[in-house]
Amino acid sequence: MFSLNDQNLPYPDTLHPIIVHFVIGMVFFAYISELVGYLQKKPRFFEVAWWNWLTAAIAIFFAVIFGEFEAALAMPYPAAQPALDWHTVNGWSLSAILAGLTAWRGVLRVRNPLKTSLPFLMLATVFMILVCIQIFLGSLVDWVYGLHTLPVVQATKEGIIP
């Protein structure tokens with residue numbers, strides 16, 4: 001159907017991290033904008049936060065789709081499998097939570113665009129903690145286990161890594 005390159009991908013490099021970093025940047029910026037707007041009573045920041053939440057909520061599904069696709073082609077070895085599994089579960093969870101969080105923020109925005117709620121900020125804080133855990137797991141998958149890096153793919157294909 002399609003040929004794979006030396007990194008076991010149908011395209012030159014992994015796309016999942018590019019999309020994920022876009023999403024991470026947007027959710028951090030949205031969260032910080034919400035906090036600044038809430039703490040300093042500056043409702044203009046809520047508008048910035050809203051558009052970042054909304055864009056991130058859409059983009060995270062592309063990140064998950066590319067993540068699933070690239071994970072399926074990764075040929076993870078036994079030591080890497082738990083980190084990849086937790087990264088996958090947390091990624092799907094984050095996408096669902098972000099969609100719900102964005103919908104909730106949308107309802108708050110419709111009711112009063114000049115305010116946010118403390119319960120929303122508390123859930124957003126929990127969400128940001130999960131994002132930090134996801135960043136750690138993604139770093140493990142990439143930097144420690146080296147999935148889709150040339151030496152690891154070659155070692156796996158040659159049977160050096162079982």
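**Salt bridges, a buried histidine and a helix face**

Me: In this predicted model, how far apart are the closest N and O atoms of the salt bridge between Glu47 and Arg109?
Reply: Glu47 lies in helix 2 (residues 44-72) and Arg109 in helix 3, so the pair ties together parts that are 62 residues apart in sequence. Glu47 is partly exposed at 35% relative accessible area. Arg109 is partly exposed too, at 22%. Their closest N and O atoms are 2.7 Å apart.

Me: Which residue meets Arg105 in a salt bridge?
Reply: The whole structure holds 2 salt bridges. Arg105 sits in helix 3 and its partner in helix 1, so the pair links parts 71 residues apart in sequence. Both residues are buried. The N to O distance is 2.7 Å, and the partner is Glu34.

Me: Is His87 buried or exposed?
Reply: His87 is found in helix 3 (residues 81-111). Beyond residues up to four places away in sequence, His87 touches His16, Gln134, Leu137, Gly138 and Val141. Its relative accessible area is 14%, and the cut-off is under 20%. So His87 is buried.

Me: What arc do the buried residues of helix 5 cover around the axis?
Reply: In helix 5 (residues 150-157), Val152, Val153, Ala155 and Thr156 are buried. They lie on the same side of helix 5, because their arc is only 165°.

Me: What is the area of the nonpolar surface patch that includes Leu4?
Reply: Leu4 is in the segment before helix 1 (16-39). Leu4 is partly exposed, with a relative accessible area of 36%. With Phe2 and Phe69, Leu4 makes a nonpolar surface patch of about 250 Å².

Notes:
Residues numbered from 1 in each chain as written. Predicted model: local features only at pLDDT ≥ 70, side-chain atom pairs only at ≥ 80, totals over all residues. Heavy atoms only, no water. Helix = DSSP H or I, 4+ residues; strand = E, 2+ residues; numbered from the N terminus. Buried < 20%, exposed > 50% of the residue type's maximum accessible area, 1.4 Å probe, protein only. Contact = heavy atoms within 4.5 Å. Patch = residues over 30% accessible without salt bridge, like charges linked within 9 Å, V, L, I, M, F, W, Y side chains within 5 Å. Areas by Shrake-Rupley, 256 points an atom, 1.4 Å probe, with all protein chains shown as cover. Salt bridge = Lys/Arg side-chain N within 4 Å of Asp/Glu carboxyl O. Arc of directions from axis to C-beta.
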